[in-house]
Amino acid sequence: MLLRVDPSADEPLYAQLATQVRRAVARGEVAAGERLPSAREVAAALEINLHTVLHAYQDLRDEGLVELRRGRGAVVTGHEAPDLTELHDAVAALAAVARRLHVAPPTVTTLVQEALR
């Protein structure tokens, strides 16, 4: 699988990587059970920080799209990535309200974490 990043884009590099993996899975370019390139390989090939790639892989794991296995790397689970459009919209609205009310980001984060419990 060929991954690319655009350092000049507004979207963070880790998000660009995660989006490309989601698309590859949705198009059937990557099958369930297939291993993704190692984080080290991706980081070296794209000349980006290893933690950037790990962040993308962890987001994909949190969505249930991949499993991270020690010694085996990231493996596609076969689950389809959920459509997070509604959630992204809600988060954008929350951020707008927080800015308008001058609520500090750590406070917003705490409120969201408490709501998710």
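Leaving aside its neighbours within four places in sequence, Leu-60 is in contact with Ala-18, Val-21, Arg-22, Leu-65 and Val-66. The model is a predicted one.

**The core**

Leu-60 is one of the residues with the most contacts inside the largest nonpolar core, along with Leu-17, Leu-36, Val-53 and Tyr-57. This core has 20 residues. The elements that give two or more residues to it are H1, H2, H3 and S2. Of these, H1 gives the most, with five residues.

**Helix H1**

Helix H1 covers residues 13-26, which is 14 residues. From its first C-alpha to its last it reaches 20 Å, close to the 20 Å expected at 1.5 Å a residue. The buried residues of H1 are Ala-15, Gln-16, Leu-17, Ala-18, Thr-19, Gln-20, Val-21, Ala-24 and Val-25. They pack against helix H2 (39-46), helix H3 (50-62) and strand S2 (73-76). Just after H1, Gly-28 has a positive phi of about 80°.

**How H1 and H3 pack**

Two packed helices are described by the angle between their axes and the distance between the axes. For H1 and H3 the angle is about 45°, and the axes lie 8 Å apart. The residues that make the contact are listed by helix below.

| Helix | Residues in the contact |
|---|---|
| H1 | Leu-13, Tyr-14, Leu-17, Ala-18, Val-21 and Arg-22 |
| H3 | Thr-52, Val-53, His-55, Ala-56, Asp-59 and Leu-60 |

**Leu-36**

Setting aside neighbours within four places in sequence, Leu-36 is in contact with Met-1, Val-21, Val-30, Tyr-57, Val-66, Ala-74 and Val-76. Val-21 and Val-66 are in contact with Leu-36 and also with Leu-60. Leu-36 and Gln-58 are 22 residues apart along the chain, and their C-alpha atoms are separated by 13 Å.

Definitions and conventions: Residues are numbered from 1 along each chain as its sequence is written. This is a predicted model: local features need pLDDT of at least 70, side-chain atom pairs count only at pLDDT 80 or more; totals for chains, interfaces and linings use all residues. Side-chain values use heavy atoms; hydrogens and water are left out. Helices (H or I, at least four residues) and strands (E, at least two) are DSSP runs, numbered from the N terminus. The expected span of a helix is 1.5 Å times one less than its number of residues. Buried means under 20% relative accessible area, exposed over 50%, partly exposed in between (1.4 Å probe, protein chains only). Contact means heavy atoms within 4.5 Å. A nonpolar core is a set of buried Ala, Val, Leu, Ile, Met, Phe, Trp, Tyr and Cys residues joined through side-chain atoms within 4.5 Å. Axes are lines fitted to C-alpha atoms, for helices over the stretch in contact, and angles run from 0 to 180 degrees between N-to-C directions.
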